Amino acid sequence: MSAQDSATDASAALPKARRDFLPLLLPVALGLAALPFIPSSSTWVTLTIAGLAMGMMIFIMASGLTLIFGLMDVLNFGHGAFIAIGAYLATLVLLPLGGWMQADSIWLNLAAVVPAVIVAMAGTAVLGLAFERVVIAPVYGQHLKQILITMGGMIVAEQILYALFGPQQIPLPLPTSLRGSFQIGEAAIEKYRVVCVVAGLVVFLSMLAILNRTRIGLLIRAGVENTEMVEALGYRITRLFVGVFMAGSALAGLGGVMWGLYREQVNAAMGGELLVLVFIVVIIGGLGSVTGCFIGALLVALATNYAGFLVPKLALVTDIALMVAVLLWRPRGLYPVTSR
Amino acid sequence: MMPRVMPLSGDPPRSRVLAVVLIVIMVGLAFAPFLFPGAKPLNVAAKVCIFIALAASYDLLLGYTGVVSFAHTMFYGVGSYGVAIALYSLGARWDAIGLGLAIALPLAALLAFAIGLFSLRVQTIFFAMITLAVASAFLVLASQLSWLTGGEDGRSFRVPELLQPGTVFVPRDVLGVAVTGRTLTYYLVFVSCALLFLLLLRVVNSPFGRVLQAIRENPFRAEALGYRIVIHRTLANVLAAVVAAAVGALNALWLRYTGPDTALSFNIMLDILLIVVIGGMGTMYGAIIGGTLFVLAQNYLQALMGTVSTAAGEAGLPLLPSLFHPDRWLLWLGILFIASVYFFPSGIVGKLRGGSG
């Protein structure tokens, strides 16, 4: 209705989309709903921060997948492989720099972590480029083949990781300055979790800024709505595809590094395990929606943390239960992308 | 329809080479206990039967309905665990098997129905993601609820006396091969799998099967012609799930054990995918060819890989030993899988039929 109203208004060049704030309240509501069940408020704070940190990491991994799907209509089952590869690339840098990691100086720590993150993101971006051009490009528009091929790519990548690095778990200790926790009142908040929350927010906000405030973002959003029209207007959609795929893969790599540091270990199976979680988040958010993905990630992580504390057995199925509940309410996810 | 092709539901192999290969496989399986005596060959033969029926039920989904499911092993596991838990808690009785089936098959159908109605409404890609999520949750549940499923260790159980290896019907000196309860179990598996396969062949050649193929080719058109897509896809999913559960039950009876690795692991899912794709999607016979090749390769080629790996290691070549290590079997399967999706989308059966059909 509001779209029609504003369309009649000559001064408004474009009709404004109706804002849908209801899903934004869900994580808040979930947090508040858990409050009465948890004995002490300091535990609640710790659990909530842990949930937020986990949610941000999942969001970073999932955002690439949802963006790629939204623009290219490709569901990349190989996304999990990029997560694992990112983590392994980081270990390649961090293990030789072990001395700097253990040094009690934030600058030496950063001198180890920053190159690791850069190597992981650049490496996964380049692999993403190759993967898109070689593996996915021949099967655009064929969902069945895409699923099969990217799944095959995932298996091959995981097995190559096994062959190169062996089946054992590689320890990846946190740098000294990120260890330990802040004490606020009675609540202990681990430093690394705060870093994760900040990093997640930075990624989320910069993605929103790029999508909504830049020309590239405009093209991407237009491509999500109608690929053919963007092409007809003279833009090379292929370049856009490649760019978004590389960015998405790099985000998966970044997520992999963060997850590896969070767990303080890396193994080849982590990609497959996280892929399932990422899928659930992307489905909850609505395939293709970045904001939906953000909310979905927070919801899943918070629910897992609360349930893990209150009823540990229940934590095994909270993801699925949450997904079912959301889909019963909105069958296409929180923020369905309209064109598909 | 010619009366002699009645069991094949009017869908013969349509290729002389294919027909010969199928007959060889069928004869080999039918007389396996006598042609290939010994415990390992019989195990391989039983596994071939089980994988053929399982892959055929998956082909109904992947090949004929055009839907990718990652929850097929879940249904297989439901059947396996149903029989295993019943036999474990009630003892080695026939009615325990019946009870297990009576619980497992409807449960599989119900699960498949719920998942289908829930996720097939929107997009098939949604279905693939949701089945993956549900199946992994199910795997975690099965390995955590140890009071029911035995957890990671699974459940070993005794089968009814008639099926036990110790029961000898014909001693070794009469036929040269002892006919035991194990032989009887093998034939139970073989006949059941053959019947399930023929049932599936009947389904895909029925009017219902034709509608499924129409939906696969062009959902909009099929819907415009008045066929409800969701209903048909969901029914196909339910049917495939029930067959998978039945096959799972047979597998449990054969192994006398059910655990996460034999009944639910994601590797089995990949195996089935590979069998269907390599054999030929949407052909049913592809399941027979693919299943046989796959199980034979799995049992005999892995040993060869070990030899290559050791030889390369002794020759001092870098990287090759770890690439050919028998544990890296999935790597080569994955490459083969990708290659066959690209280059032989119609699989071995499609190649043999020469693209004419």
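Analyst: Happy to! Let's take chain B: among its contacts (heavy atoms within 4.5 Å) between residues at least 6 apart in sequence, 74% link residues at least 24 apart. Please keep in mind that this is a predicted model, where local features need pLDDT of at least 70 and side-chain atom pairs count only at pLDDT 80 or more, while totals for chains, interfaces and linings use all residues. Residues are numbered from 1 along each chain as its sequence is written, chains are lettered from A and ligands numbered from 1 in the order written, and side-chain values rest on heavy atoms, with hydrogens and water left out.

Chain B is built from 18 helices and 4 strands (DSSP runs numbered from the N terminus: H or I of at least four residues, and E of at least two). Its radius of gyration is 21 Å, close to the 21 Å that the globule rule gives for 357 residues, so chain B is as compact as a globular protein of that length (the radius is taken over C-alpha atoms, and the rule is 2.2 Å times the number of residues to the power 0.38). The C-alpha trace of chain B spans about 65 × 55 × 50 Å along its principal axes. Of the 357 residues, 54% count as buried (under 20% relative accessible area, with exposed over 50% and partly exposed in between, using a 1.4 Å probe and protein chains only).

Now for the charged side chains. R353(B) lies in the segment that follows helix 18 (347-352) of chain B. R353(B) is buried but has no salt bridge (a side-chain nitrogen of Lys or Arg within 4 Å of a carboxyl oxygen of Asp or Glu). Its nearest side chain of opposite charge is D11(B), 4.3 Å away (Lys and Arg count as positive, Asp and Glu as negative, and His and the chain ends are not counted). Setting aside residues up to four places away in sequence, R353(B) touches D11(B), P12(B), P13(B), R14(B), S15(B), L18(B), T283(B) and Y285(B).

Two residues in that list are themselves paired: D11(B) and R14(B) meet in a salt bridge, 3.4 Å from N to O. D11(B) counts as buried because its relative accessibility is 8%, whereas R14(B), at 44%, is partly exposed. Elsewhere in chain B, R93(B) and D95(B) form a salt bridge whose closest N and O atoms are 2.9 Å apart. Here D95(B) is partly exposed at 45%, and R93(B) is partly exposed at 39%. Over all chains, the structure holds 6 salt bridges.

Finally, let's see where chain B meets a residue of chain A. F77(A) sits in the loop between helix 3 (41-72) and helix 4 (79-94) of chain A, and its 0% relative accessibility makes it buried. Neighbours within four places in sequence aside, the contacts of F77(A) include F70(B), A128(B) and L132(B) from chain B, along with I147(A), T150(A) and M151(A) from chain A.
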